[in-house]
Amino acid sequence: MRTLVSRLIHSNPSFSRLNVTASSKIARSFTTDSNQVDEPFKVEEAETVNIPPPPTDKLLVLGGNGFVGSHICREALDRGLSVASLSRSGRSSLHDSWATNVIWYKGNLLSGDSLNEALNGVTAVISCVGGFGSNSYMYKINGTANINAIIAAADQGVKRFVYISAADFGVVNFLLRGYYEGKRAAETELLTRFPYGGVILRPGFIYGTRTVGSMKIPLGAIGSPMEMVLQHAKPLSQIPLVGPLMTPPVNVTSVAKVAVRAATDPVFPPGIIDVYGIQRYSQHKSK
């Protein structure tokens, strides 16, 4: 039998070549020669795909060149937001570096067309609009102007609206009737139009360094000690008529932090936040 196989191999050259070739390939596959270097795998570079960056929330601050509004603009910029502002005077008179990063619009909220351009692409609005004067004037500035802004923002599909209102001050409410009636009318409109995304902040006296022309007025020298004392006197604020005068002042930085958080945090509770709530929320670290 062995002789027969041997004769078959030698009599068939092609079969012999096939056997030698297969043996050679197997030998190369299992070689252990350390001098042999395998060729590296050739990996083709994947195609580069341009993915746009995640969208940035755009915040519109109404009255952004005022005392509270300027601090809100600065806080929003520090949070990495795109910030625009609309006011009657337009661009801020402040020469601080942050002001160059705000998109400034000039307009009057008592005019129906003022907000059209400013609301383009806006996801949230914070209104600091307010003022003093005659009762009729105070109602228009604190009430009508803000109501116009609330309606326009709702019609534009804005998700959240934060309104800087004012705490009740008992007898002061009667003396500044137009001021408080306007504020409360705007609050009612906000809670109606933005039941799930409307936030009302009711601070009392807001202290901080105010810039008037070239002068800086350090209101913190008075407000900070008063806040430390009165924040522990909450029961006294329940006394009829004069009790609300015991409402503690609040730092403008705290108001700005809470306003920006309320405008950008989708789980921030809607509704009215009093001065004690502002103090509490300002102490929480933003995510």
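Me: Which side chains meet in a salt bridge at 2.8 Å, N to O?
Reply: Those of Glu189 and Arg193. Bear in mind that this is a predicted model.

Me: How far apart are Glu189 and Arg193 in helix α6?
Reply: They sit four residues apart in that helix, so about one helical turn separates them.

Me: And Glu189, buried or exposed?
Reply: Glu189 has a relative accessible area of 18%. The cut-off for buried is under 20%, so Glu189 counts as buried.

Me: What about Arg193, how much relative accessible area does that one have?
Reply: Arg193 comes out at 37%, which makes it partly exposed.

Me: OK, how many salt bridges does the structure hold?
Reply: Six. Some of them join up: Asp168, Arg184, Glu187 and Arg202 are linked in a network.

Me: Let's walk through that network. What's the N to O distance for Arg184 and Glu187?
Reply: 2.9 Å for that salt bridge. Both residues are in helix α6, three residues apart, or about one turn of the helix.

Me: Where does α6 lie relative to the strands?
Reply: Helix α6 covers residues 177-193 and lies across β5, β6 and β11. Its direction makes an angle of about 155° with β6.

Me: Switching to the sheet, then. What's the strand order?
Reply: β3-β2-β1-β4-β5-β6-β11, seven strands in an open sheet with parallel pairing. The edges are β3 (103-106) and β11 (271-274); each has a single partner strand, so one side of each has no neighbour in the sheet. On average, neighbouring strands are turned by 20° against each other, ignoring direction.

Me: Zooming in on β5 and β6, how many bridges do they pair over?
Reply: Four, in the parallel sense. One detail there: Phe161 has Gly198 in β6 as its bridge partner.

Me: Which strands does α8 lie across?
Reply: β1, β4, β5 and β6, and α8 runs at about 160° to β5.

Me: Now the packing. Which residues touch the most other members of the largest nonpolar core?
Reply: Ile72, Ile126 and Leu201, out of 37 residues in that core. Elements giving two or more residues to this core include β1 (58-62), α3 (67-78), β4 (124-127) and α8 (252-264). The largest share is from α8, with eight residues.

Me: What does Ile126 touch?
Reply: Leaving out residues up to four places away in sequence, its contacts include Leu59, Leu60, Val61, Leu62 and Ile72. Val162, Ile164, Ala259, Val260 and Ala263 are also among them. Apart from this core there's another one of 26 residues, including Ala145, Ile150, Ala153 and Phe194.

Me: Last bit, the whole chain. How many helices and strands?
Reply: Nine helices and 11 strands. Of the 287 residues, 43% count as buried.

Me: And what's the accessible surface of the chain?
Reply: About 17400 Å², with 57% of that belonging to carbon and sulfur atoms. As for contacts with a separation of 6 or more, 67% are between residues 24 or more positions apart.

Key: Residues numbered from 1 in each chain as written. Predicted model: local features only at pLDDT ≥ 70, side-chain atom pairs only at ≥ 80, totals over all residues. Heavy atoms only, no water. Core = buried A, V, L, I, M, F, W, Y, C linked by side-chain atoms within 4.5 Å. Buried < 20%, exposed > 50% of the residue type's maximum accessible area, 1.4 Å probe, protein only. Contact = heavy atoms within 4.5 Å. Areas by Shrake-Rupley, 256 points an atom, 1.4 Å probe, with all protein chains shown as cover. Pairing = 2+ DSSP bridges. Axes fitted to C-alpha atoms, helices over the stretch in contact; angles between N-to-C directions. Salt bridge = Lys/Arg side-chain N within 4 Å of Asp/Glu carboxyl O.
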